[in-house]
Amino acid sequence: MPFISVFDVLGPNMIGPSSSHTAGACVIAFLARKMLGGKPKKVEFILYGSFAKTYKGHGTDRALLGGLMGFGTDDVRIRDSFNIAKERGIEYKFTPNSEVTDIHPNTVDVCMEDEEGRSVTVRGESLGGGKVRIVKIGEVDIDFSGEYSALVLVHKDRPGVIAYTTKILCEHNINIAFMKLYRESKGNRAYTIIESDESIPKTVKDDLYKNEYISQVMIVQ
Amino acid sequence: MDFSNAKELLELCDSNKMSISEVMKQRECDESTSSKEEIKEKMKRVLQIMRDSATMPINTPMKSMGGLIGGEAKKLSDYREAKKNISSSVLSRGMMYAMAVLECNASMGLIVAAPTAGSSGVVPGLLLAMQDVYSFSDDKIMDALFAAGAIGYLAMRNATVAGAVGGCQAEMGVASAMAAAGAVELMGGTPRQSLDAASTVLMNMLGLVCDPVGGLVEYPCQNRNASGVANALVATDMALAGITQLIPFDEMLDTMYRVGKRMPVELRETALGGCAVTKSACEACGMCG
């Protein structure tokens with residue numbers, strides 16, 4: 001059983017009104033933003049289930065946009081995130097989808113495009129109490145909570161990529177708590193998610209990019 | 001130092017001659033590998049946010065996002081200032097603060113979920129009111145928060161604090177149980193009395209459904225935060241008067257969880273039953289188009 005801190009009980013410190021519909025939404029978009037390489041330029045949030053029905057009254061829209069801009073759940077700027085996004089030149093759109101129903105009731109797809117035209121869609125679920133799960137990047141099903149320091153790699157499905165990665169982590173004395181591998185198909189695009197107890201230094205990123213098969217390195221912590 | 005139920009918590013308190021808050025602080029240090037100073041700093045921030053959210057709406061009332069609430073805390077404050085309140089000084093202040101926190105929450109202000117956003121008014125409401133009336137130091141109030149945290153931790157570990165799983169009894173019930181346990185320790189009660197008070201609250205709030213109008217954390221949530229303070233006070237006074245409870249906290253928590261799971265889904269945060277489907281609520285909400 002994971003440790004429940006007194007600050008999980010008296011917390012999170014958050015902008016209201018709802019830990020699942022506001023704080024959780026903010027965390028999902030915050031994590032999604034880390035999966036995008038550059039600065040977000042355009043974003044569409046597709047809202048499902050209860051998110052689709054009650055997003056306005058819960059400020060889910062403001063929280064999502066705030067999270068995308070890197071705001072934490074206790075950042076009072078969330079209230080003004082529409083204006084701040086406009087100032088930053090970020091195009092945003094919210095699309096409720098009531099047709100898909102066989103899905104976790106608090107689900108959102110974050111479809112992002114950065115300034116260099118790269119795009120990625122990340123799906124997240126808000127589980128309650130501000131806890132979330134990222135369940136999809138692009139077309140690949142994943143499972144990632146963002147509670148640990150994490151390294152997310154996009155690479156080609158080739159022999160040696162994992163060995164190379166773990167060697168780099170070993171050199172930085174980083175202990176791997178969890179490690180998960182996913183791939184679109186044999187020999188094609190693959191994702192590796194490594195969660196660690198220690199924070200991951202930026203130099204790890206530079207070292208990993210030296211591998212010819214690794215195309216993207218994201219550190220989420 | 002760790003415990004998985006109230007029985008073990010009591011044993012730790014007895015064998016080490018420690019209060020619930022002391023055990024909870026030690027547990028936090030041991031299990032999160034943080035220093036006493038670090039957790040104290042974090043709790044200071046919690047108390048600061050609680051105080052701001054409990055007082056800001058009294059001076060600056062705000063309409064909620066869903067438009068169902070706003071201005072209630074100021075009304076209670078004016079009423080109190082006019083010395084018209086029938087309830088005691090602690091209760092009338094406590095309900096004012098509790099409603100203020102919910103008003104802050106519903107207008108996208110900064111709050112501390114305690115244990116949830118919808119029930120975030122009860123713990124600060126009661127403890128801040130007691131600080132006003134009895135002039136407790138911030139350190140004492142933070143100790144009470146650790147004691148309250150122990151109850152909330154057990155509820156999260158062994159039952160639920162989610163309205164969608166266990167109804168309002170799981171959110172407001174646990175919040176009030178937390179507040180009562182903290183209040184008992186604050187007034188010099190024993191760990192057993194804190195747990196008895198928490199047990200009493202769960203008993204008295206057993207079966208309370210979660211039926212938010214429009215699915216929003218506004219109404220009746222705000223009212224119930226005020227009544228949560230009252231329930232906590234009733235249990236606190238009973239425990240401090242020496243009334244013991246037949247049913248210990250662990251059994252009461254388990255009962256609350258079982259009752260919650262047997263509640264129909266309409267009465268668990270779906271806005272498909274209870275207050276949410278009354279004629280007046282539907283007219284005010286208008287979300288079904």
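# A friendly look at chains A and B

Let us start with one residue: Phe94(A) is buried, with a relative accessible area of 17%. Here buried stands for under 20% relative accessible area, exposed for over 50%, and partly exposed for the range in between, using a 1.4 Å probe and protein chains only.

This is a predicted model, in which local features need pLDDT of at least 70 and side-chain atom pairs count only at pLDDT 80 or more, while totals for chains, interfaces and linings use all residues. Residues are numbered from 1 along each chain as its sequence is written, chains are lettered from A and ligands numbered from 1 in the order in which they are written, and side-chain values rest on heavy atoms, with hydrogens and water left out.

**Rings that meet**

Across all chains, a search of the whole structure finds nine aromatic pairs. Rings of Phe, Tyr and Trp (its six-membered ring) pair if their centres lie within 6.5 Å; planes under 30 degrees apart are called stacked, over 60 edge-to-face, and the rest tilted. Phe45(A) and Phe94(A) have ring centres 5.2 Å apart and planes at 10°, so this pair is stacked. Phe45(A) sits in strand β2 (residues 40-48) of chain A and Phe94(A) in strand β3 (residues 91-97) of chain A, so the pair ties together parts that are 49 residues apart in sequence. Helices (H or I, at least four residues) and strands (E, at least two) are DSSP runs, numbered from the N terminus.

The ring centres of Phe3(B) and Tyr153(B) are 5.3 Å apart with planes at 80°, so the pair is edge-to-face. It links distant parts of the chain: Phe3(B) belongs to the segment before α1 (6-16) of chain B, and Tyr153(B) to helix α7 (residues 138-158) of chain B, 150 residues apart.

Here is how these ring residues are covered:

| Residue | Relative accessible area | State |
|---|---|---|
| Phe45(A) | 0% | buried |
| Phe94(A) | 17% | buried |
| Phe3(B) | 1% | buried |
| Tyr153(B) | 2% | buried |

Back in chain A, ring pairs join Phe45(A), Tyr55(A), Phe82(A), Tyr92(A) and Phe94(A) into a cluster.

**A covered helix**

How many of the nine residues of helix α4 (residues 60-68) of chain A are buried? Eight of them are, so the helix is largely enclosed by the rest of the structure. Among them are Thr60(A), Asp61(A) and Leu64(A). Their cover includes α2 (19-35), β2, α3 (49-54), α5 (81-87), β3 and β4 (106-114) of chain A. Just after α4(A), Gly70(A) takes a positive phi of about 90°.

**Chain A as a whole**

Chain A holds seven helices and eleven strands. Its radius of gyration is 17 Å, close to the 17 Å that the globule rule gives for 221 residues, so chain A is as compact as a globular protein of that length. That radius is taken over C-alpha atoms, and the rule is 2.2 Å times the number of residues to the power 0.38. Along the principal axes, the C-alpha atoms of chain A fill a box of roughly 50 × 40 × 35 Å. Of the 221 residues in chain A, 52% are buried.

**A residue of chain B**

Lys42(B) lies in helix α3 (residues 36-59) of chain B and is partly exposed, with a relative accessible area of 49%. From C-alpha to C-alpha, Lys42(B) and Gln26(B) are 15 Å apart in space, and they are 16 residues apart in sequence.

Conventions
Contact = heavy atoms within 4.5 Å.
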